[in-house]
Amino acid sequence: MYGGGTIFESKGYRDLSQEDPEKLEAFQARIDRGEKIEPTDWMPEMYRKQLIRMIEQHAHSEIIGALPEGTWITRAPGFRRKLAQMAKVQDEVGHAQLLYSAAETLGKSREEMINDLINGKSKYSNIFNYPAFTWADSNVISWLVDAGAIVNQMANAKGSYGPYCRALDRICAEESFHLKYGHDAVVHLATGSPVQRKMLQEALNRWWPPLMHFFGPSDKISVHTEQLMRWKVKMATNDDIRQQFLDMYVPKIWELGLTLPDPNLKKNPETGLWEMTEPDWEEFKRVINGDGPCNKERLAVRKAAEEKGAWVRRALLSPKAQYVQPLA
Ligand code: FAQ
């Protein structure tokens, strides 16, 4: 609840009234026993619908997430950093491939998913709607956005839907390299010249509020968490994951002599929980609904890529393509 009500809609995702109660009970029992659900198994329509929503949003986040760092490939300082940046961006797009394949097992085609992204019907992570003005912005994404993604994905990789969990296992292995790359780049700036330190501090100040949004709305106003936890699609609540992230990374940020732009951020020694200024959920809602600083630009780039690549897809799907011999 938020000021007396949730600011998000459940959009009928909780309606199980059409399901056979016996089947529902047997399904829940499988989940409670820790079994994996596979694509051909019986599942409630809402479980399918929720998974498509979540995996699809995750896939979109990976391809859109490649854009802010992608713009820094040509401007990365030095050949070594350019190579690493390029490899990271390529990995993110590969993660989208894995995730789209996992979502397809639930019955939604990749074409439909991409169309829903381009038309603004599907969401993707709030955080990629902010600009990466400097090289330090790109480094903060590589370190802290990847760190946040890993905390979320490590938890959900132990969830109930087989294809999603297997994709997450592979993604986490690669993300751990990204994290090391991002940390190395941040340490380089933090231990560099005063100008580099200033650039880094300013980037951190810019990215902190969207990073606190990144883990999703607080448990008091999240609409899907309760059902998704029961079905073990989410293995921890949004607040739990945010707390885990703060616990792991705030000390590391402070160790580098950097500050965070929240005067209320501190760990309560009695509860063991981090206290912070309540994120601005109205801004979050605006951004995820299309009105952030870069939403239009991000979708325009995706749309252009889709249009430019149409001839490749047409050629590959053409009946004549099957006669083309692969190169030896
Ligand atoms: N951004 O009821 P809840 C990455 C929406 S991967 C946008 O709490 P839920 C890798 C939510 O969809 C990053 N929208 O929702 C990388 C819902 O709206 P809807 C992506 C958000 O699903 C790194 C409404 O708010 N990771 O970064 C966000 O239970 C570097 C109510 O929220 C994943 O997608 C948000 N942050 O919990 C790439 C992980 N949060 O759909 C490049 C999988 C919430 O009803 C560079 N997803 N909303 O219209 C999840 O774990 C969950 O979906 C949450 C949200 C935790 C994101």
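## Basis of the model

Helices (H or I, at least four residues) and strands (E, at least two) are DSSP runs, numbered from the N terminus. This is a predicted model, in which local features need pLDDT of at least 70, side-chain atom pairs count only at pLDDT 80 or more, and totals for chains, interfaces and linings use all residues. Residues are numbered from 1 along each chain as its sequence is written, and side-chain values use heavy atoms, with hydrogens and water left out.

## Salt bridges

A salt bridge here is a side-chain nitrogen of Lys or Arg within 4 Å of a carboxyl oxygen of Asp or Glu. The count comes to 23 salt bridges. Helix H11 (residues 295–308) holds both Arg 302 and Glu 306, four residues apart, about one turn of the helix. Their side chains meet in a salt bridge at 3.8 Å, N to O. Buried means under 20% relative accessible area, exposed over 50%, and partly exposed in between (1.4 Å probe, protein chains only). Arg 302 is buried at 17%. Glu 306 is also buried, at 19%.

Arg 30, Arg 33, Glu 35 and Asp 41 are linked in a network of salt bridges. Asp 41 meets Arg 30 at 3.1 Å, N to O. Asp 41 lies in the loop between H1 and H2 and Arg 30 in helix H1, so this pair ties together parts 11 residues apart in sequence. Asp 41 is partly exposed, with a relative accessible area of 21%. Arg 30 is partly exposed, with a value of 21%. Glu 35 meets Arg 33 at 2.9 Å, N to O. Glu 35 is partly exposed at 28%, while Arg 33 is exposed at 57%.

## Aromatic pairs

Rings of Phe, Tyr and Trp (its six-membered ring) pair if their centres lie within 6.5 Å; planes under 30 degrees apart count as stacked, over 60 as edge-to-face and the rest as tilted. The structure holds 13 aromatic pairs. Tyr 47 and Tyr 161 form an edge-to-face pair, 6.4 Å centre to centre with 75° between the planes. Tyr 47 lies in helix H2 (residues 45–70) and Tyr 161 in the loop between helix H5 (135–156) and helix H6 (162–190), so the pair ties together parts 114 residues apart in sequence. Tyr 47 is buried at 0% relative accessible area. Tyr 161 is buried at 1%.

The ring centres of Trp 72 and Trp 135 are 6.2 Å apart, with planes at 55°, so this pair is tilted. Trp 72 is in the loop between H2 and helix H3 (79–104), and Trp 135 is in helix H5, 63 residues apart. Both Trp 72 and Trp 135 are buried.

## Nonpolar core

A nonpolar core is a set of buried Ala, Val, Leu, Ile, Met, Phe, Trp, Tyr and Cys residues joined through side-chain atoms within 4.5 Å. The largest has 80 residues. Those with the most contacts inside it include Tyr 47, Tyr 161, Trp 208 and Phe 245. Elements giving two or more residues to this core include helix H1 (21–32), helix H4 (110–118), helix H7 (194–214) and helix H9 (238–255). H5 gives the most, with 12 residues. Trp 208 and Phe 245 also belong to a cluster linked by ring pairs, along with Trp 143, Phe 214, Phe 215 and Tyr 249.

## A loop contact

Phe 128 lies in the loop between H4 and H5. Phe 128 is buried at 9% relative accessibility. The C-alpha atoms of Phe 128 and Gly 292 are separated by 9.4 Å, and the two residues are 164 residues apart along the chain.
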